[in-house]
Amino acid sequence: MITAPLTLYQSPPRFQLEQTLDALGEHLSAEQAVIYYEQSRLVQVTGGWRAGKSFVTALHLWARVLQGRLWWIVGPDYGSADAEYYYLVQWAISSELHQSHTTRREESNELTLNLSFGGEPIKIVTKSARHPERLGSVAPDGVYMVEAAQHSVEAYFQLIGRTAERRALLFFSGTLEGSMGWYADFHTDNAAGFGEFYDPEAVTMALPSWANRVIYPLGIDDPEILRQKRLLPEGIFEEKYAGKRTLPAHRVVKEFSIERNCGEPPWGPGIDMNRPVELWIDPGIAHPHAVLAVQFHGRTAWVIDIVYLREHTCQQVINECKRRPWWRLINYWVMDFAGRNRNAAGSSYWQIWGENLPGIPGGATKVALMAGYDRH
């Protein structure tokens, strides 16, 4: 059977984007314009407080509405998509392109234009990602994910999948929520050029608070922005006003996060009793004597148990380790280099551990701090 080819989404030419601004009478700040003209199919916008994320998101969609017949605005719930939706309703009416729209509360809403694409009327529909598995039905030409940091990663993956059929774009925006979770990781990975969420075709862009010239007429030099920068800790200002991810100041390894660094190993929860164990040891009495039991899958290290005791002798810590089921699986151990220093009794942590692990090789090599942090 021969079928007609799909009419797929294509990015609009720049002159069309410029004509849209002229028709609406809108003037953009430099920071807003960079996002408005961006033509990538996968765009993340991290915004500062009151940066005008809803306005820029809606404007990005409106300037492309002639390029497809179905557009989704997806929030973590239906109400979260209202701001963008009503910007679009307003522009449709003022442009005399409005045919109809709904105003249901906490339900899906739909704006229909008196325009068509590929023989179908152009529609903009709001959706909720509360149940990601329900984001189905007809494939859209573009998806706009709003308050994106509040979405689950499952919703993000589901929406990525929905863009395939019509080669649709996915534009998602929101404030970084505590610099944690998949949304913040996407920002970091694509800014750095590597990582789980990195994609060479993706673009991540910051929309700082001072991009909103209505609130901050002088932009980054506005007296209130300068005041906030002076009064707030640097990390809070960078995240909440500059729209940039910051990392917790109290962590030694600032890149650590529960989502990225914790999980279930490929063999399932707990210990694989058919796999060797390494011990990573940081001895101490006044500070905790820490022992990590580690099993590897390829080059990935999985910490499958921890012994972490304070005010215990070295031998007491070892005796606790001997009660763990992994003790007989140890094939290597490594210790903080300082563990080789002898104590007042003439023994060292290194010596005591070695006596309890006869014949099992161990290591204690000095490693520069940054090299150690960057090892994995």
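Reader: Let's start with P361: is it buried, partly exposed or exposed?

Author: Bear in mind that this is a predicted model. P361 has a relative accessible area of 44%, so it counts as partly exposed. You'll find P361 in the loop between α11 (349–356) and β13 (362–363).

Reader: Which residues does P361 touch, leaving out those up to four places away in sequence?

Author: P361 touches N331, Y332 and W333. Take W333: it is 28 residues from P361 along the chain, yet their C-alpha atoms are separated by 6.7 Å.

Reader: On to rings. How do I read an aromatic pair?

Author: You describe a pair of aromatic rings by the distance of the centres and the angle of the planes. A search of the whole structure here turns up 24 aromatic pairs. One of them is Y85 with Y86, an edge-to-face pair at 5.1 Å centre to centre with 75° between the planes. Y85 is buried at 0% relative accessibility, while Y86 is partly exposed at 35%.

Reader: And what does the pair of W210 and F237 look like?

Author: That one is stacked, with 6.1 Å centre to centre and 15° between the planes. W210 sits in the loop between β8 (202–207) and α7 (223–231), and F237 in helix α8 (residues 234–240), so the pair ties together parts that are 27 residues apart in sequence. Both count as buried: W210 at 10% relative accessibility, and F237 at 4%.

Reader: Which residues form an aromatic cluster?

Author: Y156, F157, F172, W182, Y183, F186 and F197 form one.

Reader: Now strands. How many residues of β1 (residues 42–47) are buried?

Author: Six of its six, so β1 is mostly covered. L42, Q44 and T46 point one way from β1, and V43, V45 and G47 the other way, and all are buried.

Reader: Which strands does β1 pair with, and in which sense?

Author: β1 pairs with strand β7 (residues 169–174) in the parallel sense over five bridges. Here F172 from the aromatic cluster comes back, as the bridge partner of Q44 in β7. β1 and β8 also run parallel, joined by six bridges, and V45 stands opposite M205 in β8.

Technical notes:
Residues are numbered from 1 along each chain as its sequence is written. This is a predicted model: local features need pLDDT of at least 70, side-chain atom pairs count only at pLDDT 80 or more; totals for chains, interfaces and linings use all residues. Side-chain values use heavy atoms; hydrogens and water are left out. Rings of Phe, Tyr and Trp (its six-membered ring) pair if their centres lie within 6.5 Å; planes under 30 degrees apart count as stacked, over 60 as edge-to-face and the rest as tilted. Buried means under 20% relative accessible area, exposed over 50%, partly exposed in between (1.4 Å probe, protein chains only). Helices (H or I, at least four residues) and strands (E, at least two) are DSSP runs, numbered from the N terminus. Contact means heavy atoms within 4.5 Å. Two strands pair if DSSP finds at least two bridges between them.
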